[in-house]
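Student: I would like to learn how to read a structure that is new to me. Could you take me through it feature by feature?

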Amino acid sequence: MFENLTERLTQTLKSVTGQAKLTEDNIKGTLREVRMALLEADVALPVVKAFVNSVKERAVGTEVSSSLSPGQVFVKIVNEELVNVMGEANEALNLAAQPPAVVMMAGLQGAGKTTSVAKLSRFLREREKKKVLVVSADVYRPAAIKQLETLAAEVDVEFFPSTADQDPVDIVNAAIAHAKIQHHDVLLVDTAGRLHVDGEMMDEIKRLHSAVKPVETLFVVDAMTGQDAANTARAFNEQLPLTGVILTKTDGDARGGAALSVRHITGKPIKFLGVGEKVEALEPFHPDRVASRILGMGDVLSLIEEAEEKIDKKKAEKFAKKIQKGKGFDLEDFREQIQQMKNMGGMMGMLDKLPGMGQMANASQMAGAEKGVVQMESIINSMTPKERRNPDILTGSRKKRIAAGSGTQVQDVNRLIKQHKQMSKMMKKMSGKGGMAKMMRGMKGMLPPGMGGGPGGPGGMGGMGGGGFPGR
């Protein structure tokens, strides 16, 4: 998300960094470029106008402190205005109600409502320690009821059954009664969607809303629809008292215009971002962190939170102790590290949150790297446990069998073994005195070109296919 906007803005803001003082003349060109960058990102025109005017108003005549250059001050102003347009801070769900707190999801068909109900129920159960019940009031799509039942089982929350011949209000009232008896903290209600905003749909959802009086009414909208996302949200907001927005499919939206338009147009905060298809791919929306990512300054706080939530601490501690004792780094360990990285959103997901790293590797380079990671995992999966623990026994015939089993070539298997040996050497250095510094020096030489490393050299990651990982 925001790849195109980040690229344009970081290039644009470089042009003002050498200025001695911020004046209307020397920022005119930069503001024009900022305006174009936002329009290209599919940000709604009223939002672009208001944003550029606010930046101009604050920047012209600003006293520059001795500790900052005019360019830094300008970037600071742009960052603060990005935060303003998206909402000052993350607005958490307001669940302060007599249990169960009813949360209703609204939105068009295909926006990802049912999946978002499952993701949010998992989030509330794991992060907020709430007892959650989910129910589907979508009587037009029996498949939607079945889908929610399946997802509820996957995220380990209770599903309240419903059928297509029931009235939505009766379904939700019965679910509320059940939630009270079973002492559920939260009831999440999935509602029917349509392919477009129509009167019949609005009448039904308004009737449901007034009958169950939810504490939160969240509008679920597809980020990839750009400006339309903000306009649809406004149409719903005129009919329903929305309390917030969940922006879905943000991992497939390189522009990010919806995130910058929704708050300004509806006045309602974005509360969550859907960042992938998996049930864990939902994260709270923090305007300050997102603004930082847009300007290529990374989002280390979100990365730390993600690591705390998704990395298996017991496995990580066991691995650290093994390395400290100098017991070696086998292919089982290698596979474990690949799986941990995938849990963290893959290489691109991690680099995107590191300051300056998201811009260093282009999309095709990173796509190749991600493909290489998947290939490495399938090669290791095709080995026997004995081969993973002791790669030295891999003879030519074993390599042929592994290549056939993983759908790769023998040279791909050889590349993986070579890379594993390099990592083993680094791990040995790490277990000794001053290990971390030695390892970082070693890693610098292994980074792909344009990411702090050289051309890759003999045995370096940069010399391999797929932006640093073995490619086909």
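Tutor: The crossing of α9 and α10 is right-handed, where a crossing is called right-handed if the near helix is turned clockwise from the far one by less than a right angle, and left-handed if anticlockwise. Please keep in mind that this is a predicted model, in which local features need pLDDT of at least 70 and side-chain atom pairs count only at pLDDT 80 or more, while totals for chains, interfaces and linings use all residues. Residues are numbered from 1 along each chain as its sequence is written, and side-chain values use heavy atoms, with hydrogens and water left out.

Student: At what angle do the axes of α9 and α10 cross?

Tutor: An axis is a line fitted to C-alpha atoms, for helices over the stretch in contact, and the angle runs from 0 to 180 degrees between N-to-C directions. The axes of α9 and α10 come within 8 Å and cross at roughly 25°. That makes α9 roughly parallel to α10, given that angles under 35 degrees count as roughly parallel, over 145 as roughly antiparallel, 65 to 115 as roughly perpendicular and the rest as oblique.

Student: Which residues of α9 and α10 meet?

Tutor: Contact means heavy atoms within 4.5 Å. By that rule Ala-229, Ala-230, Asn-231, Ala-233, Arg-234 and Asn-237 in α9 meet Ala-258, Ser-261, Val-262, Ile-265 and Thr-266 in α10. By class, this contact of α9 with α10 has six nonpolar, four polar and one charged residues, where Ala, Val, Leu, Ile, Met, Phe, Trp, Tyr, Cys and Pro count as nonpolar, Asp, Glu, Lys and Arg as charged, and the others, Gly among them, as polar.

Student: How do the axes of α8 and α9 cross?

Tutor: Helix α8 (residues 199-212) and helix α9 (residues 227-239) have axes that come within 10 Å and cross at roughly 50°. That makes α8 oblique to α9, and the crossing of this pair, α8 and α9, is right-handed. From α8, Met-201, Met-202 and Lys-206 meet Ala-235, Phe-236 and Gln-239 in α9. The residues of this contact of α8 with α9 divide into four nonpolar, one polar and one charged.

Student: And what is the angle between α3 and α10?

Tutor: The axes of helix α3 (residues 45-59) and helix α10 (residues 257-266) come within 9 Å and cross at roughly 90°. That makes α3 roughly perpendicular to α10. Here Pro-46, Val-47 and Ala-50 in α3 meet Leu-260, Ser-261, His-264 and Ile-265 in α10, and the residues of the contact of α3 with α10 divide into five nonpolar, two polar and no charged.

Student: Is helix α11 enclosed or open, and why?

Tutor: Buried means under 20% relative accessible area, exposed over 50%, and partly exposed in between, with a 1.4 Å probe and protein chains only. Seven of the eight residues of helix α11 (residues 287-294) are buried, so α11 is largely enclosed by the rest of the structure. Among those buried residues of α11 are Arg-289 and Arg-293. Across the chain, buried residues make up 50% of the 472 residues.

Student: Where is Gly-274 placed, and is Gly-274 buried or exposed?

Tutor: Gly-274 lies in strand β7 (residues 270-274) and is buried, with a relative accessible area of 3%. The C-alpha atoms of Gly-274 and Thr-248 are separated by 4.2 Å, although the two are 26 residues apart along the chain. The unreviewed UniProt entry carries the annotation "domain: SRP54-type proteins GTP-binding" over residues 269-282, and such annotations may be inferred rather than shown by experiment. Over residues 269-282 the chain is 0% helix and 43% strand.

Notes: Helix = DSSP H or I, 4+ residues; strand = E, 2+ residues; numbered from the N terminus.
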